[in-house]
Structures are given as C-alpha cells and as structure tokens.
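Keep the sequence and the structure open while reading.

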Amino acid sequence: MAVTIVRLLAMLRHEYGDPHWWPGDTPFEVAVGAILTQRASWRNAEISIQNLKSSGRLSPGALVACPVAELEELVRSSGFFRQKARYLKAFSEFVVSAFDEDMERMKTRPTEELRDELLELPGIGRETADSILLYALGRASFVVDAYTYRLMGRLGYGQLGDYETVQAMFRRSLRSRVKDMSDLHALIVIHCKDKCRRIPDCPGCVLDRVCPSKRK
Ligand code: SF4
C-alpha cells in the first residue's frame, strides 16, 4: 500500500523542516510572484519583483497605471515578458475594479467563486489560481503541479487522474488544513528538485523505505 499523504508530509517535514513558503511581503506580492514564476525560475521572477518594488510599481493601482513598455522592461527577467506584463495588468485591473485595490477584501469571497473569477483572467490557469488562493489568501486550495504527479506516481499512486481529482485527494487527506497544504506542496517541490529529479537520486532519499520506485 502506498504511503499515506499524512505520513508523506511528516517524513518530508522531518527531512526539510518548515519550508516557509511563499516569500512575499503582501498578498499582492505573492500573487505577482505566482504569475511571474510561470515557466521561469524563482530567481528570475524575484529579479522582476525587485524591479517592480524599487520602481514603486508593486501595487495594483501602480501596475494599472504603468505604461506597458515600462512594465515589460521591469519583468523582462522572468521571460515571456510581453505576456506576463499583460497578465499582471489584467490581474491588477481585477483587484482594482472588484476589490478597490485591496486584496484583503478578496477574503470575503467564497473560495470557489474567487477561483472561477481568477480562472477567467488571461494567463491564470489552475496552478496559478490555486497558488494565489493558498499562499496569498490562505484558502484550502492545494496546488497540483508536475512535481506532484511525478512524486505521487513514483510512490505508487498510479494514474492520479485530472487536476481537480488530485486536488480533492490532497484536500481530503489533509482535512483542508491550510498550513499542511501549503507546506506539502512546497516540500514536494523541494524534494523533487533535491532528490526525486527527472532522473532520481535515490541513495539517501528520506522516502526510500516507502518508495516502490527507488533505484539502487
Ligand atoms: S527513492 Fe528515488 S524515486 Fe523514490 S522518492 Fe526517493 S528519489 Fe524519488
């Protein structure tokens, strides 16, 4: 039988400690980071965030007012900078028009309603929407990504099903505990970058006792 999700979380926590995800001084900064890190390393997204900060553009109103060419330059380090500038504008316009520039006000909306609204915005897919919901707004919306599929597949979960099915499995197992959900997503990413890479580095892996895919 495959290791339970609760035990997996305990083992990864024991190995890596508290991941303290997601870095960001404000919910808006976390949301901007979730958009900028799409198809980009966090290091490159961080450079863009610093550019936005030092130019005084890291707020919904300032981003809406920012000329497109200037915004593209500010986020160039994240790659796909033209699209991402457009996505940031659209997200900021949403925060300005629907929540009077205040992301705290988003917290008054039911999660599913908010998720549907986020998914209607350009450049916001399920992974980004759930990253915003979980890490910026503290909602029980587990983030499923390629690392989740890789690790759970190797741990014997077989065909995991579609995004929402996997998300529901984590939500059920973790009983919608937000801290556990945010930690486990982060720890899976950390573990897949550290040990369970595309070609896994199994010797010394903290999960080797429970992993049917371990290599000698
Ligand atoms: S034992 Fe190997 S395949 Fe299994 S989780 Fe660890 S690194 Fe991945």
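The model is predicted.

What secondary structure does the protein chain have? There are 11 helices and 0 strands. Read along the sequence, the pattern is α-α-α-α-α-α-α-α-α-α-α. The radius of gyration is 18 Å, close to the 17 Å that the globule rule gives for 216 residues, so the protein chain is as compact as a globular protein of that length. Along its principal axes, the C-alpha trace spans about 55 × 35 × 30 Å.

Of the 216 residues, 31% count as buried. Residues 24 or more positions apart account for 63% of them.

## The nonpolar core

The largest nonpolar core has 47 residues. Which of its residues touch the most other members? They are Ala31, Val32, Ile35, Leu88, Phe91 and Ile132. Helix H2 gives this core its largest share, 7 residues. The core draws at least three residues from each of domain 1 (5-20 + 143-210) and domain 2 (27-136).

Take valine 32 as an example. Not counting residues up to four places away in sequence, valine 32 touches Ile49, Leu52, Leu58 and Leu88. Leu88 is itself among the core residues that touch the most other members.

## Around the ligand

Next, the ligand shell. The residues around the ligand are Arg154, Lys195, Cys196, Pro200, Asp201, Cys202, Cys205, Leu207, Asp208, Cys211, Ser213 and Lys214. By class, this shell has 6 nonpolar, 1 polar and 5 charged residues.

## Backbone points to check

Most residues other than glycine have a negative phi, and most peptide bonds are trans. Some places in this chain depart from that.

A cis peptide bond joins tryptophan 21 and tryptophan 22, with omega about 0°. Tryptophan 22 is found in the loop between helix H1 (5-16) and helix H2 (27-36).

Phenylalanine 80 has a positive phi, near 45°. This residue lies in the loop between helix H5 (68-74) and helix H6 (81-99). Arginine 175 also has a positive phi, near 50°. Its place is in the loop between helix H10 (163-173) and helix H11 (178-194).

Is arginine 175 buried or exposed? Arginine 175 counts as exposed because its C-beta neighbours inside 10 Å number 10. Phenylalanine 80 counts as partly exposed, because it has 16 such neighbours.

Phenylalanine 99 lies in helix H6. Leaving aside its neighbours within four places in sequence, phenylalanine 99 is in contact with Arg105 and Met106.

Leucine 119 is found in helix H7 (residues 111-119). Which residues does leucine 119 contact, leaving aside its neighbours within four places in sequence? They are Ile124, Arg126 and Ala129. Serine 59 is 60 residues from leucine 119 in sequence, and the pair is 21 Å apart in space, C-alpha to C-alpha.

| Residue | C-beta neighbours inside 10 Å | Class |
|---|---|---|
| Phenylalanine 80 | 16 C-beta neighbours | partly exposed |
| Leucine 119 | 13 C-beta neighbours | partly exposed |
| Arginine 175 | 10 C-beta neighbours | exposed |

Conventions:
Residues numbered from 1 in each chain as written. Predicted model: local features only at pLDDT ≥ 70, side-chain atom pairs only at ≥ 80, totals over all residues. Helix = DSSP H or I, 4+ residues; strand = E, 2+ residues; numbered from the N terminus. Rg over C-alpha atoms; globule rule 2.2 N^0.38 Å. Buried ≥ 20, exposed ≤ 12 C-beta atoms within 10 Å, placed from the backbone. Contact = placed C-beta atoms within 7 Å. Near = placed C-beta within 6 Å. Nonpolar A, V, L, I, M, F, W, Y, C, P; charged D, E, K, R; others polar. Core = buried A, V, L, I, M, F, W, Y, C linked by C-beta atoms within 7 Å. Domains from an automatic or database assignment.
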